[in-house]
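Grab a pencil and work through the exercises below with the structure open beside you. Try each task before you read its solution.

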Amino acid sequence: MKKQMKKFSILAISLMTASAPAINAAIPMLAKHFSNVPLPMVEMLTTIPSLFLIVSILFSNWIAKKIGLKQTIMIGVALIVVSALGSSLVNNFAFIFAMRALLGLGVGLFNSLLVAVVDYFYQGQERTQTFGFQSAFEGLGGIIITFIAGQLMRINWQAPFWTYGLALPILLLFMIFVPKIPKNQTQNLENDSQEVTEEQTEPSDIIEDSEASANKAETAQRHGYGRLVGYMAFIFIVAIFYMIIGVKVSEVIVNRGFGTSTDASYVILLLSIGATLSGFIFGNLEKHLKRLMMPCGLTLLGLASILIGTAHNNISVYIAGFITGIGFRMILPHIINAVNRLYPAQTASVATCILVSYNLGAAISPYVAAGLMKISAFNSIGNLFMLGTGLYLCMAIIGFIYNIITR
């Protein structure tokens, strides 16, 4: 029983990984309450965690080496608890904004370290299985927390923040059932990974893989880091308009009069369900679609954007939310896989570059939306979504053409 509780406690941390967008649907309520605060700043309550998540991810390994993996993860979860209490009890915008930043710092502290924890406690097939469960728990957490937040919106504008109080029992479970991990375990894991690679590289493997390795090295050398910069710019732009969908969808539903903030929360819920489903079938999709993954994902995002921009009822927006989750989860993991293949010697660094670009785009999306809506051609919410549609579909068409030419 203790063994099962240890595994559940480790996996339960992942429930909080995708929790930041849970209050997206509450934006109209927040904007109404803080009517003296500019709308883009109110909308940043949902995106500012992405910016501070970057900061803590960059320092999480260093902190773990100083105080230990378990302690660092516990501090991260504790910051979410503090954020929940502060946001739900204090009626001050600047303070709530700071609490949302604290939420991002907390998630960033444990986000990347969970892999190291699983790697420490489990081996072989059980480790692989646990990694799969971890991904499932991440998607499940987004679904559960978004649903609870949506129901709490019926009470008042501040009630949804209590959703993050779920971090408290998770913290207690992790504290009680997960044993202490040595302070230097992060460094040890890096060394172990290198040793395994060296041990498994038999002479025959070297002969078989030498041509592939040479091709990879040649590709990386030929392109330098130009391809990486291109991918970073691409995911930065995609993230901006992806987050505009999440941030502005509640405004569409409420302002057009066919729903409430609670109804809007179901869109975010369906987005999480779509993303989780896409994560489960990602391997099969990439196996069959290969280089068409990105154009297909962009096409789905374009379709979702036009459904929201022209919506006259909840059903269209619900379908769009589900499609959005599937489409984006086809793009981001595919890009990370692509840069890892291009730069096999710097997989951790290039993946971090992609994630930093994504989170930066997500963080500034409210101000990008506000800037675009000052242009006469995009001064309505519908036109803003149509711009997103045009952008996604243009990039998709370019992707399809490129694949035809280079096939």
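A disulfide is counted when two cysteine sulfur atoms lie within 2.5 Å of each other. Keep in mind that the model you are looking at is predicted.

**Exercise 1. How many disulfides does a search of the whole structure find?**

Step 1: A disulfide is a covalent bond between the sulfur atoms of two cysteines.

Step 2: Apply the cut-off to the whole structure. The search comes back with zero disulfides.

Step 3: C296 has a relative accessible area of 21%, and C394 has 48%. Buried means under 20% and exposed means over 50%, so C296 is partly exposed and C394 is partly exposed too.

**Exercise 2. Classify the ring pair Y120 and F121, then the pair Y242 and F328: stacked or edge-to-face?**

Step 1: Know what to look at. A pair of aromatic rings is described by the distance of the centres and the angle of the planes. Planes under 30 degrees apart count as stacked, and over 60 as edge-to-face.

Step 2: Start with the overall count, which is eight aromatic pairs in the whole structure. In one of them, Y120 and F121, the ring centres are 4.9 Å apart and the planes meet at 80°, so this pair is edge-to-face.

Step 3: Y120, at 29% relative accessible area, is partly exposed, while F121, at 16%, is buried.

Step 4: Now the other pair. Y242 and F328 sit 4.0 Å centre to centre with 10° between their planes, which makes them stacked.

Step 5: Y242 belongs to helix α11 (residues 226–255) and F328 to helix α14 (residues 314–342), so the pair ties together parts 86 residues apart in sequence. Y242 is buried at 11% relative accessibility, and F328 is buried at 3%.

**Exercise 3. Which residue forms a salt bridge with K7, and over the face of which ring does K7 lie?**

Step 1: Think about charges. Side chains of opposite charge can pair when their charged atoms come close.

Step 2: Find the partner. K7 forms a salt bridge with E126, and their closest N and O atoms are 3.1 Å apart. K7 is in helix α1 (residues 2–13) and E126 is in helix α7, so to speak distant parts of the chain, 119 residues apart.

Step 3: Compare accessibility with the cut-offs. K7 is buried at 17%, whereas E126 is partly exposed at 27%.

Step 4: Find the ring. K7 lies over the face of Y122, at 5.1 Å from the ring centre.

**Exercise 4. Which residues does a salt-bridge network join?**

Step 1: Get the total, which is three salt bridges.

Step 2: Look at K248 and E43. Their closest N and O atoms are 2.8 Å apart. E43 is in helix α3 (residues 39–67) and K248 is in helix α11, 205 residues apart. Both are buried.

Step 3: Look at K248 and E251. Here the closest N and O atoms are 3.2 Å apart. The two are three residues apart in helix α11, so about one helical turn separates them. E251 and K248 are both buried.

Step 4: Salt bridges with shared partners join E43, K248 and E251 into one network.

Terms used. Residues numbered from 1 in each chain as written. Predicted model: local features only at pLDDT ≥ 70, side-chain atom pairs only at ≥ 80, totals over all residues. Heavy atoms only, no water. Phe/Tyr/Trp six-rings, centres within 6.5 Å; stacked < 30°, edge-to-face > 60°. Buried < 20%, exposed > 50% of the residue type's maximum accessible area, 1.4 Å probe, protein only. Helix = DSSP H or I, 4+ residues; strand = E, 2+ residues; numbered from the N terminus. Lys NZ or Arg CZ within 6 Å of the ring centre and 35° of its normal. Salt bridge = Lys/Arg side-chain N within 4 Å of Asp/Glu carboxyl O.
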